[in-house]
Amino acid sequence: MARQMGDSHRRFLQTMMINGITDEHSVKALYQYCCEVNKTPHVPDKLDEFIDTINSKLQAMFMQIRKGMSEVDGHQYYVLVNMAETNITRMSSDYADNELELFRKIVDLTVCSENGKVSSTDILNITDTMTTKKLKKSETEHLLSRLVQDKWLCEERGEYTLSARCIIEMEPYIRTMYQDHLKVCHICHSLAFQCQICENPTCGIKIHNPCVARYFKRRTEPRCPSCDDFWPHEIPEVR
C-alpha cells in the first residue's frame, strides 16, 4: 500500500513543477531540504521510495516523475512528465505550429542519423521541406536557441542532439514513430542515439558513450560484453 503524501512530498513536487528537469545531485539535495524543513525523517537511500509515493498520487492526473540519463555527460536527471500527452503537441503552448513542425523534423533527422547528431546546416536545409509557414534563417536560429534554452536540445560546435529532457519526455512518441530506427543500449537498456556499435556483424550491440566509459573503465582489454570480440572504438573518459 502506497504511503500518504506529506508536506515534504508536496514541497518536493512543487519545486519539480517549477524546474521541469533537475539533475540527480540537486534532486537529492532537494529531498533532504524538503524533509528537514518539514521535520520528517531524511533517509538518503529512500529517495526512490519517496518519489514512488508522489508518483502514486500523480497517476490519477496522468503525470509522473521519471528518471533518465543524459547522453552528453552520463548524469542522471529527473523530469516531471505529462503522460497524457505523449507526442510533440505537448509543446504547443510554447511554440507555434511551424516551429513544432521544424522541431519534429529535427527529431526525425536525429533519430535516423548514425551518430545521434544533426548539424545546423542540415536543419537550415530542411526548412525548405516545411508544409507550414517556412521559417527564415534568422527565425530558425532563434528557434534553435530557444530549444536549447528550454532544454529540448543540446548544442556543441554547431551540432545538435536530443537532450535528456527530450528523450525522457518523448520516449513513448519516439518508440511509436521510429520503431525501425530505434537503438537500445545493451548496458542500461534505454534508448541510445549517441552510442558505439559492436563491429561483429552477427552481434552489433549498441552501448551509450557514457555506458561505454563506465563499462570499460577498469578493463585492460576492451571486449564486447555480448560476443566477446575486441571492442575497437576509442573509449571515452568517465565524466
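Where is the place of Lys39?

Analyst: Lys39 sits in the loop between helix 2 (24-37) and helix 3 (47-58). This is a predicted model, in which local features need pLDDT of at least 70 and side-chain atom pairs count only at pLDDT 80 or more, while totals for chains, interfaces and linings use all residues. Residues are numbered from 1 along each chain as its sequence is written, and side-chain values use heavy atoms, with hydrogens and water left out. Helices (H or I, at least four residues) and strands (E, at least two) are DSSP runs, numbered from the N terminus.

Lys39 is not a glycine, yet its phi is positive, at about 55°. Its relative accessible area is 75%, so Lys39 is exposed. Exposed means over 50% relative accessible area, buried under 20%, and partly exposed in between (1.4 Å probe, protein chains only).

Phe62 also has a positive phi, near 55°, and is other than glycine. Phe62 lies in the loop between helix 3 and strand 2 (63-69). Its relative accessibility is 52%, so Phe62 counts as exposed.

Now to helix 4. Its buried residues include Leu102, Phe103, Ile106 and Val107. The buried residues of helix 4 pack against several elements, among them helix 5 (120-126), strand 5 (153-156) and helix 7 (164-177). Helix 6 is another partner. The axes of helix 4 (residues 97-112) and helix 6 (residues 137-149) come within 11 Å and cross at roughly 70°. Axes are lines fitted to C-alpha atoms, for helices over the stretch in contact, and angles run from 0 to 180 degrees between N-to-C directions. Helix 4 is therefore roughly perpendicular to helix 6.

From helix 4, Glu99, Leu102, Phe103 and Ile106 meet Thr140, Leu143, Leu144, Arg146 and Leu147 of helix 6. Contact means heavy atoms within 4.5 Å.

Phe216 is buried, with a relative accessible area of 4%. Neighbours within four places in sequence aside, Phe216 is in contact with Pro222, Arg223, Pro225, Trp231 and Ile235. Phe216 and Trp231 are 15 residues apart in sequence; their C-alpha atoms are 9.6 Å apart.

Key:
Parallel < 35°, antiparallel > 145°, perpendicular 65-115°, else oblique.
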